[in-house]
Amino acid sequence: MSASKPRNVLVAGGAGFLGSHLCDALIAQGAHVFCVDNLLTSSGGNLRHLRRSPRFTFIEADIIDELPASALPRRLDRVFNLACAASPPHYQADPEHTMMTNVLGTRNLLRLAERHGARFLQASTSEVYGDPEVHPQVETYSGNVNCTGPRACYDEGKRAAEALCFDFDRARRAEVRLVRIFNTYGPRMLPDDGRIVSNVITQALAGADITIYGDGSQTRSFCYVDDLVDGLVRLMAHDGPQPGPVNLGNPNEQTVHKLVEDVLALTGHRSAVTYHPLPQDDPRRRKPDISRAREVLGWGPKTPLADGLRATLEWFRKAEAPAGAVRTLTPAAMPLSAAD
């Protein structure tokens with residue numbers, strides 16, 4: 001995409017952590033972005049800097065419902081679907097809505113892409129692998145998911161959405177690209193989203209005890225948001241044969257305990273660490289095999305963890321959530337995720 005040939009791009013979930021960064025990248029490339037979000041678990045503050053851009057249109061809507069045709073352009077060239085709460089406290093707060101977002105919402109957006117002849121990118125997740133028995137996780141692994149557990153609304157919802165996407169692609173109803181996103185962090189994360197990076201940073205900055213679920217030996221692979229967005233843009237732009245699902249994430253695996261040590265070292269704080277039981281079905285290990293992304297997209301993460309954490313810490317120090325911008329869905333009795 002270039003400034004001389006702008007495209008109309010719809011980003012569902014565009015007010016969220018990843019979605020807002022994607023909107024920035026697409027507008028910088030010359031696209032007119034139509035951002036759709038219901039603001040249920042996202043912050044309108046993420047879009048404040050885009051409100052006056054002539055190439056940005058915000059549509060407050062839920063993809064479970066038909067989008068208002070009057071708010072859309074006559075032609076869309078690209079449709080990105082990032083519309084689903086991604087942190088366990090948020091997606092478990094209303095599991096029916098989470099499932100329907102993944103199934104009905106994805107179907108609605110696929111049909112929209114079909115009508116416009118637009119290429120469609122589905123943001124799936126490493127959670128389709130469940131608590132993996134194969135390590136690192138490669139796209140051909142079918143996963144180890146508990147289909148009736150408390151995480152199933154998200155895990156199985158995303159797996160169902162993947163099935164829908166490839167059914168549309170095989171039937172030539174829409175040209176589909178699908179990404180499986182591994183742990184991503186960076187500025188604009190919600191402080192209460194229950195993910196390990198935001199948990200540790202907010203607790204450390206507050207001088208509070210650091211909460212670890214499990215013994216801290218479980219692993220994650222942390223990808224900085226700018227690197228992840230670059231991968232999304234590259235995958236959507238891929239003009240070759242259907243590549244199948246593509247893992248995007250950082251293959252540098254480390255323990256949760258090491259992440260806590262890194263954050264405390266950067267803040268200079270000496271918070272105590274408290275340990276709590278591991279939530280049900282929480283994955284013990286996470287590490288993407290990104291061979292396909294390297295081969296098909298020429299993509300790999302570039303941001304060292306220390307640099308990314310430093311930028312994220314600085315954002316949390318400065319950020320002030322606007323009153324009423326986020327409707328928190330976390331039930332009081334629900335434990336935060338151990339390591340997402």
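For the classes used here, Ala, Val, Leu, Ile, Met, Phe, Trp, Tyr, Cys and Pro count as nonpolar, Asp, Glu, Lys and Arg as charged, and the others, Gly among them, as polar. This is a predicted model, where local features need pLDDT of at least 70, side-chain atom pairs count only at pLDDT 80 or more, and totals for chains, interfaces and linings use all residues. Residues are numbered from 1 along each chain as its sequence is written, and side-chain values use heavy atoms, leaving out hydrogens and water.

Let's start with the nonpolar cores, sets of buried Ala, Val, Leu, Ile, Met, Phe, Trp, Tyr and Cys residues joined through side-chain atoms within 4.5 Å. Buried means under 20% relative accessible area (1.4 Å probe, protein chains only).

| Core | Size | Residues named |
|---|---|---|
| Largest nonpolar core | 55 residues | Most contacts inside: Leu26, Phe80, Val197 and Leu248 |
| Second, separate core | 24 residues | Including Ala61, Leu109, Leu112 and Phe120 |

In soluble globular proteins, nonpolar side chains tend to be buried together. Leu248 touches, among others, Phe182, Leu228 and Trp299, not counting residues up to four places away in sequence; contact means heavy atoms within 4.5 Å.

Now to His32, which is buried at a relative accessible area of 18%. The side chains of His32 and Thr57 are joined by a polar contact of 2.9 Å, that is, a pair of N or O atoms within 3.5 Å; within protein, one must be able to donate a hydrogen and the other to accept it, and residues adjacent in sequence count only if both atoms are side-chain atoms. Beyond four places in sequence, the contacts of His32 include Arg7, Val9 and Phe56.

Definitions and conventions:
Buried means under 20% relative accessible area, exposed over 50%, partly exposed in between (1.4 Å probe, protein chains only).
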